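This briefing goes through one protein model by topic. Look at the sequence and the structure first, then read the points below.

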Amino acid sequence: MSITEIATLVDSLPGVLTLRPTPGDGTPELAWGDLFFYYAPDGVLPPGQPFATVIVKDYPDEPPSGLGAGVFRVNVDAGRRGQAPPQDPTLRDQVMPHPAYAALGWVCVVQPGPASAGQLEALVREAHAAARRRWERRRE
């Protein structure tokens, strides 16, 4: 799967607001090139975290996953609280707990491909549905 394919999948879900930080837009340089997906049918950035992200480089405060030079990681808020981080955060095309945010319920896939595509799509859809429920509760 490519970043474009992932973005197309997520953007096809109803109510998605995608942030694409780039130079000159006021976002931190560290976020440039990454994608952040929120449920926001009104187009207003909601409070809290996105329900999924695509990260194109290792962040300095996280265990390295070997990102960069075309290698990326998809992160999804799967609501699986209390997971242990993966032993090897560089494994590719495999759904695994996030190397830094596993305990908060996040999972990830480095360089998703045929082995992880179906499971990743299901996780993204579930995370989107959960974000939608949270958004609707805030409106009640």
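Is glycine 33 buried, partly exposed or exposed? Glycine 33 has a relative accessibility of 43% and therefore counts as partly exposed; buried means under 20% relative accessible area, exposed over 50%, and partly exposed in between, with a 1.4 Å probe and protein chains only. The model is predicted: local features need pLDDT of at least 70, side-chain atom pairs count only at pLDDT 80 or more, and totals for chains, interfaces and linings use all residues. Residues are numbered from 1 along each chain as its sequence is written, and side-chain values use heavy atoms, with hydrogens and water left out.

**Glycine 33**

- Glycine 33 sits in the loop between β1 and β2; helices (H or I, at least four residues) and strands (E, at least two) are DSSP runs numbered from the N terminus.
- Glycine 33 touches Pro21 and Val56, leaving aside residues up to four places away in sequence; contact means heavy atoms within 4.5 Å.
- The C-alpha atoms of glycine 33 and valine 54 are 8.8 Å apart, while the two residues are separated by 21 residues along the chain.

**The sheet and its helices**

- An open sheet is formed by 6 strands in the order β1-β2-β3-β4-β6-β5, with antiparallel pairing; two strands pair if DSSP finds at least two bridges between them.
- Strands β1 (16-19) and β5 are at the edges with a single partner strand each, so one side of each has no neighbour in the sheet.
- Strand β4 (residues 73-77) pairs with β6 in the antiparallel sense over 5 bridges.
- Aspartate 77 is opposite tryptophan 106 in β6.
- Helix α1 (residues 3-11) packs on the sheet and touches β1, β2 (35-39), β3 (52-55) and β4; its direction makes about 10° with that of β2. For such angles, axes are lines fitted to C-alpha atoms, for helices over the stretch in contact, and the angles run from 0 to 180 degrees between N-to-C directions.
- Helix α2 (residues 117-139) also packs on the sheet, touching β1, β2, β4 and β6, and its direction makes about 45° with that of β4.

**Nonpolar cores**

- The largest nonpolar core has 23 residues, and those with the most contacts inside it are Val10, Phe37, Phe51, Val54, Val74, Val76 and Val124. A nonpolar core is a set of buried Ala, Val, Leu, Ile, Met, Phe, Trp, Tyr and Cys residues joined through side-chain atoms within 4.5 Å.
- Two or more residues of this core come from each of α1, β2, β3, β4, β6 and α2.
- Helix α2 gives the largest share of this core, 6 residues.
- Another core, of 12 residues, lies apart from it and includes Phe36, Leu67, Val71 and Cys108.

**Histidine 98**

- Histidine 98 is in the loop between β5 (96-97) and β6 (106-110).
- With a relative accessible area of 2%, histidine 98 is buried.
- The side chain of histidine 98 reaches the backbone nitrogen of alanine 100 at 2.9 Å.
- Beyond residues up to four places away in sequence, histidine 98 touches Glu62, Arg73, Asn75, Pro85, Pro86, Trp106, Val107 and Cys108.

**Salt bridges**

- The structure holds 6 salt bridges; a salt bridge is a side-chain nitrogen of Lys or Arg within 4 Å of a carboxyl oxygen of Asp or Glu.
- Arginine 20 and aspartate 11 form one of them, with their closest N and O atoms 2.9 Å apart. Arginine 20 is partly exposed at 42%, and aspartate 11 is partly exposed at 33%.
- Aspartate 42 and arginine 139 form another, at 3.4 Å from N to O. This pair links distant parts of the chain, 97 residues apart: aspartate 42 is in the loop between β2 and β3, and arginine 139 is in helix α2.
- Arginine 125 bridges to glutamate 121, with the closest N and O atoms 3.1 Å apart. Both residues lie in helix α2, 4 residues apart, which is about one turn of the helix.

**Positive phi angles**

- Alanine 69 is not a glycine, yet has a positive phi of about 50°. Alanine 69 lies in the loop between β3 and β4 and, at 90% relative accessibility, counts as exposed.
- Glutamine 111, also not a glycine, has a positive phi of about 50°. Glutamine 111 lies in the loop between β6 and α2 and, at 23% relative accessibility, counts as partly exposed.

Notes: A polar contact is a pair of N or O atoms within 3.5 Å; within protein, one must be able to donate a hydrogen and the other to accept it, and residues adjacent in sequence count only if both atoms are side-chain atoms.
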